[in-house]
Amino acid sequence: MATNITWHASSVSHQERSGLRGQKGFTLWFTGLSASGKSTIAIALEQYLLHLGLAAYRLDGDNVRFGLNKDLGFSEKDRNENIRRIAEVALLFADSCTAALTSFISPYRSDRATARELHVSRSIPFIEIYVHVPLAVAESRDPKGLYAKARKGEIKEFTGVSAPYEEPENAEIVIKSGEKSVEEEVVQIVKYLEEKGLLV
Ligand code: PPS
């Protein structure tokens, strides 16, 4: 725990920065089982936003674990810390008036609530997007062969098999994975952002 530290407030408020940049910052927090399609949708949405001329940046489960969070595994404690760090990083991107897209399983409600509170405390919009898929469907997709390994006991604490996934109760957007095309899923999210006046 660091001591003797002092918070230095920026001389530019978030509102002023947003006005100067001509873009609102916000975090789109994708959550869902492994193989639910979180990353696929986030990748397509990031492309879409960038092509609109907006700054957007995606933080992704597997990738962040190669760098920033390479010291973390998949115990409950490590997942808590994983999500805590991601929330802080997403907040920095959003505060800089970038659309931050995070795609992590983020299986614990309390971690997602903490990420939300962090954003709310800084008046930065936090939009939770639940990419819903029945476990059996995710398991039948199994693009990385991880569910099969988890069933054989070769991977411990695998979400949905031997570790919990706590479904969101109040997600702003719910996407039923696999029921429409990725393009239609992107449109569903874009419509929400337009309605909230976030794409200006
Ligand atoms: S978490 O729960 O939010 O901390 O997980 P996350 O950082 O999103 O990492 C999930 C990806 O790690 C791979 N993987 C596992 N997932 C779940 N449980 C266990 N035990 C595990 N071990 C490795 C897996 O490829 C996840 O990627 P996605 O894209 O979700 O399939």
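Predicted model: local features only at pLDDT ≥ 70, side-chain atom pairs only at ≥ 80, totals over all residues.

Modeller: Residues are numbered from 1 along each chain as its sequence is written, and side-chain values use heavy atoms, with hydrogens and water left out.

Colleague: How much space lies in the largest pocket?

Modeller: On a 1 Å grid over the protein atoms alone, a pocket is an open set of points where a 1.4 Å probe fits, with protein on both sides within 12 Å along at least five of seven lines; lining residues have an atom within 4 Å of a point. A volume is the space filled by probe spheres set on the points, which are joined across faces, edges and corners. For the largest pocket this space is about 600 Å³.

Colleague: Which residues of the lining lie nearest the centre of the largest pocket?

Modeller: The lining of the largest pocket comprises twelve nonpolar, ten polar and ten charged residues. Of these 32 residues, the ones nearest the centre are Ser34, Lys38, Asp62, Ile105 and Lys144.

Colleague: Where does the ligand sit?

Modeller: A molecule sits in a pocket if more than half of its atoms lie within 2 Å of the pocket's grid points. By this criterion, the ligand's site is the largest pocket.

Colleague: Which residues come nearest the ligand?

Modeller: A residue is near a molecule if one of its heavy atoms lies within 4 Å of it. The shell has nine nonpolar, five polar and seven charged residues. Of the 21 residues around the ligand, the nearest are Ser34, Arg65, Asn82, Ser106 and Lys144.

Colleague: What share of the ligand's exposed area does the protein bury?

Modeller: An oxygen atom of the ligand is 2.8 Å from a side-chain N or O atom of Asn82, and an oxygen atom of the ligand is 2.7 Å from one of Lys144. A ligand nitrogen atom is 3.4 Å from a polar backbone atom of Thr159. Taken alone, the ligand exposes 630 Å² (Shrake-Rupley method, 1.4 Å probe), and the share buried by the protein is 91%.

How values were computed: Nonpolar A, V, L, I, M, F, W, Y, C, P; charged D, E, K, R; others polar. Polar contact = N/O pair within 3.5 Å; in protein donor to acceptor, adjacent residues only side chain to side chain.
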